[in-house]
Protein chains: 4
Amino acid sequence: MAGNTFGKLFTITTFGESHGKAIGVVIDGVKPGMPLTEADIQVELDRRRPGQSMATTQRKEPDKAEILSGVFEEKTTGTPIAIVITNTDANPKDYENLKDVFRPGHADFAYLEKFGVRDWRGGGRASGRETAARVAAGAVAKKMLKEQGVTVTAYTKEIAGIVAENLDLNSIENNPVRCPDAKAAKAMLSKIDEARKTLDSVGGIIEAIVTGCPPGLGDPVFDKLDAKLSQAIMSIGAVKGIEFGDGFKASSMKGSEFNDAYKSEGGKTQVQSNHGGGISGGISNGGDIVLRTVVRPTCSIAQPQDTITKGGEATSIQIKGRHDPCICPRAVVVVEAMIAVTLADCLLIQKSIQSK
Amino acid sequence: MAGNTFGKLFTITTFGESHGKAIGVVIDGVKPGMPLTEADIQVELDRRRPGQSMATTQRKEPDKAEILSGVFEEKTTGTPIAIVITNTDANPKDYENLKDVFRPGHADFAYLEKFGVRDWRGGGRASGRETAARVAAGAVAKKMLKEQGVTVTAYTKEIAGIVAENLDLNSIENNPVRCPDAKAAKAMLSKIDEARKTLDSVGGIIEAIVTGCPPGLGDPVFDKLDAKLSQAIMSIGAVKGIEFGDGFKASSMKGSEFNDAYKSEGGKTQVQSNHGGGISGGISNGGDIVLRTVVRPTCSIAQPQDTITKGGEATSIQIKGRHDPCICPRAVVVVEAMIAVTLADCLLIQKSIQSK
Amino acid sequence: MAGNTFGKLFTITTFGESHGKAIGVVIDGVKPGMPLTEADIQVELDRRRPGQSMATTQRKEPDKAEILSGVFEEKTTGTPIAIVITNTDANPKDYENLKDVFRPGHADFAYLEKFGVRDWRGGGRASGRETAARVAAGAVAKKMLKEQGVTVTAYTKEIAGIVAENLDLNSIENNPVRCPDAKAAKAMLSKIDEARKTLDSVGGIIEAIVTGCPPGLGDPVFDKLDAKLSQAIMSIGAVKGIEFGDGFKASSMKGSEFNDAYKSEGGKTQVQSNHGGGISGGISNGGDIVLRTVVRPTCSIAQPQDTITKGGEATSIQIKGRHDPCICPRAVVVVEAMIAVTLADCLLIQKSIQSK
Amino acid sequence: MAGNTFGKLFTITTFGESHGKAIGVVIDGVKPGMPLTEADIQVELDRRRPGQSMATTQRKEPDKAEILSGVFEEKTTGTPIAIVITNTDANPKDYENLKDVFRPGHADFAYLEKFGVRDWRGGGRASGRETAARVAAGAVAKKMLKEQGVTVTAYTKEIAGIVAENLDLNSIENNPVRCPDAKAAKAMLSKIDEARKTLDSVGGIIEAIVTGCPPGLGDPVFDKLDAKLSQAIMSIGAVKGIEFGDGFKASSMKGSEFNDAYKSEGGKTQVQSNHGGGISGGISNGGDIVLRTVVRPTCSIAQPQDTITKGGEATSIQIKGRHDPCICPRAVVVVEAMIAVTLADCLLIQKSIQSK
C-alpha cells in the first residue's frame, strides 16, 4: 500500500493539501450498524480547528465534515465512509515568495528530492492541515471504542519547560493549551505568548492515557501494540519521539523496580503497578495504556532565517503565513485520533482471533 | 497481513519459538543479482549470539544460518530467501515450574488473553531469541544498503545511568557492552556484574547513526521514515521508547534553535545542523539519521518475585533460566538490523518513484 | 487492508453508493510530475456514462469528475489524488418497495448476512455505479501507461450468442455496443432491444488486448500478472469468468500446439505465436496480453420474479429502476480501467526491481 | 508485500526452488488452540506427491513435512507455523543443457527479463514443485474450515477432450487422474498415455465444489470472494482461465434464466438454483461454491522444439527432465489448497465483522 493508508482491518486513507480544494479521508472496515452522523465527527474537528485562541494560527477554517458514503439512515453500513473537508480560507499567495527556497525545519527540500516537484502552497501535503482528516477518522474510531468501553484521553504535559504536575483530567478543555493543571496552563500560555511576540515558537510534550483497554491487543512480533502506536503517532508531522510507561527513565532502573507484578482482584488479573504503560511484550495487559510524545517547536517562525534557494544560492527568509506558535494544544486532538484509529484496528483483529 | 511480516517491497516474515525446533525468516523482495552467502549472515548472527561474555545469557547456541532458497551460484535471484537457524541448546525443563504462573514484566498473561493458549517454554514466541531471525534479515538488508553507500551503526549509549561521552565509533566492538567509550564501558560492565550478583537486571539506551542515506526516503503521510523506523524498533521486545535527533529535548527548545538551516556545499544541499536527526517532515533530508531507543531492564530476574497463577492464586517465583542481566549489548545488533530492513524497504520504494 | 483498496504501489481506494451523495476514488502512488487534468478523466467517464443509447440505463448522470488533491499546476505531485463524482439523478424511491425483499441474482441477501444492515437504494455499494470510480482511476493509470508505450483496448466480443468475427479495432467506438465488427454489432443491438422489450436481459463476452507491454511484469508466485488481472477483473460486479490466450480451449490442446516458441527479431526476443496470451509462468513475455471475460445477463429485469422477503415469506417482485439490458457495452470501459490500474501497479514494482 | 505472500488475516508466505535445498511455507494467522500434527499435513502432501502413477513425473520425492514452529503440545499457538519440505531427489544436471536457452511455454525468458538472473535448475521458483508448499498450507486451512463445517472438493472434469459426466464424488481418489467418473477416467488415462508415448502433453479442466460455506464471505469491492479465489487459483502455474457457476455459458443466457431465486427452507434462506456458483455480487450466498479452471498442457515435452538461446541464436531443444504428461491429477490437490487458504482468510475477516 502506498503511504497514505494506515491500518489492516480498520483502514484509513487520507488525501489533501493545505491550500488545495479539500482534504479528507476514506475509512474502510468500520463496524456495520453503528450510529454515526456528521455531528459526531464535527465535535472532534471543532477541537482541532484553527483560530480558537491566540495560541493557534489565525487561519479561519470552519472545518465542516461532509460524509459522502458508508452511512445510511444514520447508521454505518460496513462500506467505506468518505469524509471531505473543504478548504475555504486557503491563501496560497502568502507562500509565493517561498516557492523557490527551502524553509528551515520544513520538508520542502526533502519533498523536492523525493518527488521532483513540490506543491509549495503552505507546505502542500506536508502541512499540519493534513491532520484534520486523521481527526475525522479518529472520531469514528472513538465511537467504536466507546461501545467497547475504551476511552482515549490526551493532554499537554509540558510546554517550553513548564511541566503539568497536579492533573485534573476533567479540566483539560478548560484552557486553550489543553493542560489538566490550571496553574501550569497559565504559565504555558505566557511562554507561548512570549514566543509569538519574539517571532519564535516553542515545543512540548503530550501525554495520553487509554482506559478500559482489554488485554490481548497487538500482534506479535512486528505489529506489537506499542510498535503500531509508535508508527501512528510518529507519523504526525512535528513529533520527534515517543515513550511508553516509564519510558526513557527505564535506562536507569532495575528489573526489580520496573517489572509489573500481577494480582487478582475481583476475579480479574491486573498489574499492581504500571511501569510498562499497560503493555507487556507488545500486547496490552489490561492496565491503562500510558504514553508520552514530544512535539518539536513549530518550524514556521516569522523571524529572519538563513537558507538557500532551489538553485543553491544563500538567502534569508521571513515566513509570513498564519502559524501556531506552539503545536501541542491542537496536536493533543490528533494524538487521540491516531491512538483511537490504531486501537480500533487492533480490536477488530483481536475479535477475529477470539471468535469461535 | 498478520503481524509477523514487515515491509512493503523488502518484506520479512519471521517465525519460531525460543525452545522450539528452529527460528527463521523469509526475506522477499531482495534485489536480484546481489552476491550473498551464509557467511554474510553468520557474521551478524555471531555478533548477537548468546554466551559471548558474562554480560549475556549462558545459553550455548551456535546460531548457524542455513539458506534454503533464493540464492543460486552465490547470487540472489529475486525470489524469497528463507533462512533457518536450528535451536540446539533448548532446555524447556527450566520453565516447567513457570507454566502456570505469570512472570512479572513478561508477556505470559497478555499472550494467554490473546490466544487462549501459551507456549510457556522460555516465553515461546515472545522470547528475545526471536530477534536472531531479524538479525539474519538485517544482514541481507545491510549488504543491499552497502551497495548504495549507506551504513548503519548502533552502540550502547547508556547503561544503568552510566553515559558514554567520548565516542570513538571504531571501538564499539572492542568491549562486550558495545560502547564506543572505553571508560564508560568499563563502568557499565561493573554495573551489569553488580546486577547479576544481586539477581537483578539493568536497562540502558542504544544510539544509532545512519550515514550516506540519500534524501527522499520515507513516504507521506503514514509511512514517514521516522514512523516506519519507530514501528521497526519499538517492535523489539524490551524497547520502551524512541527519539530522533534532539528528541525529547525539543520540548524545551525554540523553533529558532531547533530548525536546521540549509546550505549548499560542493553543489549539494545539506543541513547546517542536525537537530532533526536527518529527517524533515518524515522524509530523509540527506543528513545523518540519528536515533536513540531505551531498553528496559531484563524482565527475567533470579530473585523472588510476587505474582499469581493462571488460576488467580498468589504465589512467588524465582526465574532460573539463562538470561542477560542487561539486554543492550546484544540488542545493539538487533537495532541495526531493524534499521537496515526499514531503509532497504524505503530505498526500493524510492527507486520506483524516481524511475523514468 | 479492507476490501475497497487495490494495488501495492499504485493503489486505489474507492467509495460510494449508487444513491448516496457521491462516489469517488483516492489514487495513491501516481508518478509525480505527470500532466493531469479533469478533462483526462472526463473523457473516460463519458465513455462509461449511462443514458447514451437505448442499450443502457436511462439514468441521467453527468458523471463530472472533480479532482480534490494531488495535482498542482496541472501536474501530479506524487501525493494522493482524490476524485469525487457527485450523484445528481439518484432516485431512491424507485427502490423503496424492494427494501425488504431479496432481488434474485443480486447481492441483497449476501450483504445482509455479511453486514447485518443494508443500503437498499439501488443496491447501495453493490451497484454497478461503483465502477465509475474505477474508470476515473483507470484514466490516470492509462496516462501513466501511455508514457511507457502501453495501450489497453477492450471491446465486446460476444452478446447473446452473436460473436464478433472480422475485427476492426478502430471501429470500436462507432457503435453503442462497442463491438469492432459492424455487422455483429447490429445483430447484438437487435438482441439487446429484444431483451429490453421482453423485460429481460442478455450476457456477453468482452475481449481485451494490451500492446506494448514490456516483458517482466508480474511477481512470482501469488502476484503473477494473470492472477492480479484476474482479481482485478473478477471484482467487477457481473463478471463470472476470465481466460487468457487460448484459455478454456487449452483443455483439448497438446503441449506441442500450445507452447509459444521464441524467435529473435530485430535483436528482440519475441514469441512466434500467442497461445499463452502474452504471459508465461505468470510473467509478461513481451507478446500482446489477450484476455476474455464473461459478463452475466443483468440481474435487474422488469418481469415478475419469485423471491422471498427478509422475513422468509414468498413473494413476487418487478424491478422498476433504470437498468442496462446488457452490461457489456459499458463494462468494456471498466475492464480497460481495471487492466490499466493493475498494469500501472506491476510497472511500478518492476521499475524498482530493475533499478540500480 | 512482495509477491510470495497471500492473504490478509490467514497469510501464507512460500519459498523454495525446484532443485534447491528445500521448499516451504510460513502460515501466519492460524486460529490458536487447533489440534495440528505433521500427519495432518502429510496426508495432503501425499496426494500431490510425484511418482504415484505413470500419469505423473517419475521424480522420487518423499515430500516429508516438518513443522518448525507455531505448534506446541500438538496444538496451534496463534504464532506462525513454518513448514519445510526438503528436496531429496533434485537433479540439476538434467537442466544444464537448458541453461542458456528459453524453453517454449516456460517462464525462462520472462524471469530473465524480470530479474536479470535465473535459476535454470528445473525452472527454479517457476517450477510446479513450488505448489507443494501451497498444499501444506492448504492442509492447515482445511482443518480450520472443517471445524466450521466447510468442505472443499476438487476433481478432474475434463482431460484432452474427454469429459466426466456421471459424477460420483466418493470415487475421486479411486483412479490416478482424480476423476469422479470411472469410465471417463479410463479414457483420460489412455489419452495421457498416448501423449506420453508421442512425447507430448495434454490439458484439462478441474472443477471444484465447496459445501457448507456460510453466506457473507468476501469483501466488497475488490476483495470479492470470486475475485480472491481467482487470484488464488490463477496464481497456480499452468492455469489459464477460471469460471464460476455457469461461467462462460452466461454469455448466451438471459437474466430470467441466470438469476437464482431465493426460497426459505427450514427457516434458512437458500438459492433455488445455482447458476451463480454460490456467489452473488461477490459475496457467498449460502449455496455451494462451484468453479472450474482450465489447466494448459504441460510445457515440458520431450519432442524437439524450436527456440532461441539467451544470445538470440536459433536452436532446437529436447527437454529430458521428469515431467507430468498431464498436470490435472496433481493440480486437483493444489486447487483445493488454494480454495481452502482463501476461504480461511475470508472466514477470519467475516468473524471480525460479525463480532459484537
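## The largest pocket

In this predicted model, the largest pocket is lined by 24 residues, and those nearest its centre are C:E243, C:F248, C:K249, D:E243 and D:F248. A pocket here is an open set of points on a 1 Å grid over the protein atoms alone, where a 1.4 Å probe fits and protein lies on both sides within 12 Å along at least five of seven lines; lining residues have an atom within 4 Å of a point. The volume of the largest pocket is about 600 Å³, a volume being the space filled by probe spheres set on the points, which are joined across faces, edges and corners.

Strand 8 (151-159) and strand 16 (289-295) of chain C, and likewise strand 8 (151-159) and strand 16 (289-295) of chain D, each give at least two residues to the lining of the largest pocket. Strands (E, at least two residues) and helices (H or I, at least four) are DSSP runs, numbered from the N terminus. The lining of the largest pocket comprises 12 charged, 8 nonpolar and 4 polar residues. In this division Asp, Glu, Lys and Arg are charged; Ala, Val, Leu, Ile, Met, Phe, Trp, Tyr, Cys and Pro are nonpolar; the others, Gly among them, are polar.

## The interface of chains A and B

Chain A and chain B each bring 103 residues to their contact, where contact means heavy atoms within 4.5 Å. About 7700 Å² is buried between chain A and chain B, with 60% coming from carbon and sulfur atoms. Buried area is the accessible area (1.4 Å probe) that two parts lose on being put together, summed over both. Of the area that chain A buries against chain B, A:K114, A:F222 and A:K240 supply 12%, more than any other three residues.

Two kinds of pairing cross this interface. Chain A and chain B are joined by 2 salt bridges, each a side-chain nitrogen of Lys or Arg within 4 Å of a carboxyl oxygen of Asp or Glu. A:K114 pairs in this way with B:D219, their closest N and O atoms lying 3.4 Å apart. There are also 50 residue pairs in polar contact between chain A and chain B, both residues at pLDDT 80 or more. A polar contact is a pair of N or O atoms within 3.5 Å; within protein, one must be able to donate a hydrogen and the other to accept it, and residues adjacent in sequence count only if both atoms are side-chain atoms.

## The interface of chains D and C

The contact between chain D and chain C takes 103 residues from each chain. Chain D and chain C bury about 7600 Å², of which carbon and sulfur atoms account for 60%. On the side of chain D, the residues that lose the most area to chain C are D:K114, D:F222 and D:K240, together 12% of what that side buries.

Between chain D and chain C there are 2 salt bridges and 51 residue pairs in polar contact. The side of chain D that touches chain C is made up of 42 nonpolar, 38 polar and 23 charged residues. D:D219 forms a salt bridge with C:K114, with 3.4 Å between the closest N and O atoms.

## Salt bridges over all chains

Over all chains the count reaches 108 salt bridges. Within chain A, the side chains of A:D108 and A:R118 form a salt bridge at 3.2 Å, N to O. A:D108 belongs to helix 2 (residues 108-115) of chain A, while A:R118 is 10 residues away in the loop between helix 2 and helix 3 (131-147).

## Backbone features

Most residues other than glycine have a negative phi, and most peptide bonds are trans. The peptide bond from B:P220 to B:V221 is cis, with omega near -5°, and B:V221 sits in the loop between strand 10 (204-211) and helix 5 (225-234) of chain B. In chain D, the peptide bond from D:P220 to D:V221 is cis, again with omega near -5°. A:L199, although not a glycine, has a positive phi of about 55°; A:L199 lies in the loop between helix 4 (182-197) and strand 10 (204-211) of chain A.

## Conventions

Residues are numbered from 1 along each chain as its sequence is written, and chains are lettered from A and ligands numbered from 1 in the order in which they are written. Local features of this predicted model need pLDDT of at least 70, side-chain atom pairs count only at pLDDT 80 or more, and totals for chains, interfaces and linings use all residues, while side-chain values use heavy atoms, with hydrogens and water left out.
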